[in-house]
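Thanks for coming, everyone. Let me put the model up on the screen, and then I'll walk you through a few spots in it.

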Amino acid sequence: MIDLLRKRTYRHLFTAQLVALIGTGLATVALGLLAYDLAGADAGMVLGTALAIKMVAYVGVAPVAAALAQGLPRRALLVSLDLVRAAVALALPFVSQVWHVYVLIFVLQAASAAFTPTFQATIPDVLPDEKDYTKALSLSRLAYDMENLISPMLAAALLTVISFHDLFAGTVVGFLASAFLVVSVALPASAPQPRRGVYERTVRGMRIYLATPRLRGLLAVNAAVAAAGAMVFVNTVVMVQAGFGLTQSAVAVALAAFGAGSMAAALALPRMLEQWQDRTVMLAGIAVLVMMLLLGAVGLDYRGLLGLWFVAGLAYATAQISSGRLLRRSAHPADRPALFAAQFALSHACWLAFYPLAGWMGARFGMPATFVVLALAAMAATALAIVVWPVHDPEVIEHKHTASEIAHAHGPEGVSTGHGIRHAHAFRIDDQHRQWPHVAP
């Protein structure tokens, strides 16, 4: 994977992603401290509301932002969004009311909801070779896991010499550095698109996503991942501190075990994906997540939880790492930003459903019952993925067009059927192919 960093454009983009993630991690720590400073004992409610606002922004803004950004220069757009995020981070230390936090968090996350899918859709054009792109997906997973490990440690070290307000300065630096790195390289231009209305551009990514069988399977995978991930991210602190009577450091170690498992999977998966199909790897990942949830319901001590969370991290990354490959296969270059935005919104909609369920179930019925309920949800999502994602999923599919579609769609190539033509090519949902054809096993 390291050989990818010899490519200047990708190296700058990857570094931009990493520094922005670390800056975001510092902001997460600082936001918790700011909430306590403003609300005291009600800080949990403030943070919970801020996280809900984040998810609502992700779900609602990403498709609309992708539609409005169509045709804009990618580099200028990404840099502008980084500057907006830096401005919000700069303003956060000066807020004096809780509602100020809510407004600024919405603006920050709306900018992120526009930035992230655009950034993700750019990488396949920078790295057109599929092996290189697969390695890039693993490096991206490593970047997220490194942020989870590095940001809390960096924040803890900085808080020994500065106040939490100054942590937001690190966030500002991260976003400004990201903007500088993006502006320092030339990005491939967006593929030209026909003129469409804003509404059509907004729903286009969703339409392509939901009409493509492998992506309907990906949505079910997203749901299973969110069910298991919500258990880890919401209830680890409750299990470790309230259940085992341990310290905050023990919580950090448990989450680090999860991150270490995810990093291990990210390092191993590029080679695995050369030998196994994406469907096989991703379904295996969510199957392990189901088993992890069922094991958690039995009851474990702290050491058992560390081992379980490490395995959960392995499965979590395994289930997600091929998402970008599936999206790349399923859309023309011009439609990739809309499709990545649809994935961004739909995957976060799954988190929006399971985050509160994990917290409410844990508080009301206890951890064993919560493990069981989330295991059943993940199991149902796994079964759905198996059903809607065909085992035989070729890229090139033979299909036919009616006589009225021939001139508009493809011209005269193909075999005449008397009522149109039959031909084969890499099939993707677009203006000429609105339904997925039947594929014989």
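Helix H4, residues 98–126, gives the most to the nonpolar patch, with 4 residues. Helices here are DSSP runs of H or I with at least four residues, strands are runs of E with at least two, and both are numbered from the N terminus. Before I go further: this is a predicted model, where local features need pLDDT of at least 70 and side-chain atom pairs count only at pLDDT 80 or more, while totals for chains, interfaces and linings use all residues. Residues are numbered from 1 along each chain as its sequence is written, and side-chain values use heavy atoms, with hydrogens and water left out.

So who is in the patch? Val84, Trp99, Val103, Phe106 and Val107 form it, with about 430 Å² of accessible area together. A patch takes residues with over 30% relative accessible area and no salt bridge, joining nonpolar side chains (Val, Leu, Ile, Met, Phe, Trp, Tyr) within 5 Å and like charges within 9 Å. The areas come from the Shrake-Rupley method with a 1.4 Å probe, and for residues only the protein chains shown count as cover. Val84 sits in helix H3, residues 74–91. Its relative accessible area is 36%, so Val84 is partly exposed; buried means under 20%, exposed over 50%, and partly exposed in between, with a 1.4 Å probe and protein chains only.

**Salt bridges**

How many salt bridges does a search of the whole structure find? There are 6, counting a side-chain nitrogen of Lys or Arg within 4 Å of a carboxyl oxygen of Asp or Glu.

Are they buried or exposed? Asp82 is buried, and Arg85 is too.

Next, Asp125 pairs with Arg336, with the closest N and O atoms 2.7 Å apart. That pair links distant parts of the chain, with Asp125 in helix H4 and Arg336 in helix H13 (residues 336–365), 211 residues apart. Asp125 is partly exposed at 23% relative accessible area, whereas Arg336 counts as buried at 9%.

Asp278 and Arg325 form another salt bridge, at 2.9 Å between the closest N and O atoms. This one links helix H10 (residues 278–298), which holds Asp278, to helix H12 (residues 323–329), which holds Arg325, and the partners are 47 residues apart. Both of them are buried. Elsewhere, salt bridges that share partners join Arg74, Asp125 and Arg336 into one network.

**Helix H14**

Last stop: helix H14, residues 367–388. Its 22 residues should span 32 Å at 1.5 Å a residue, and the end C-alpha atoms are 31 Å apart, which agrees; the expected span is 1.5 Å times one less than the number of residues. The buried residues of H14 include Met367, Phe371, Leu374 and Ala378. Seen down the axis, the buried residues fall within an arc of 130 degrees, so they line one face of the helix. That arc is taken from the directions from the helix axis to the C-beta atoms. What do they pack against? Helix H8 (213–243), H10, helix H11 (302–320) and H13. On the other side of H14, Leu376 and Val387 are exposed.

To zoom out, the protein chain has 15 helices and 3 strands, and 50% of its 441 residues count as buried.

Note on methods:
Contact means heavy atoms within 4.5 Å.
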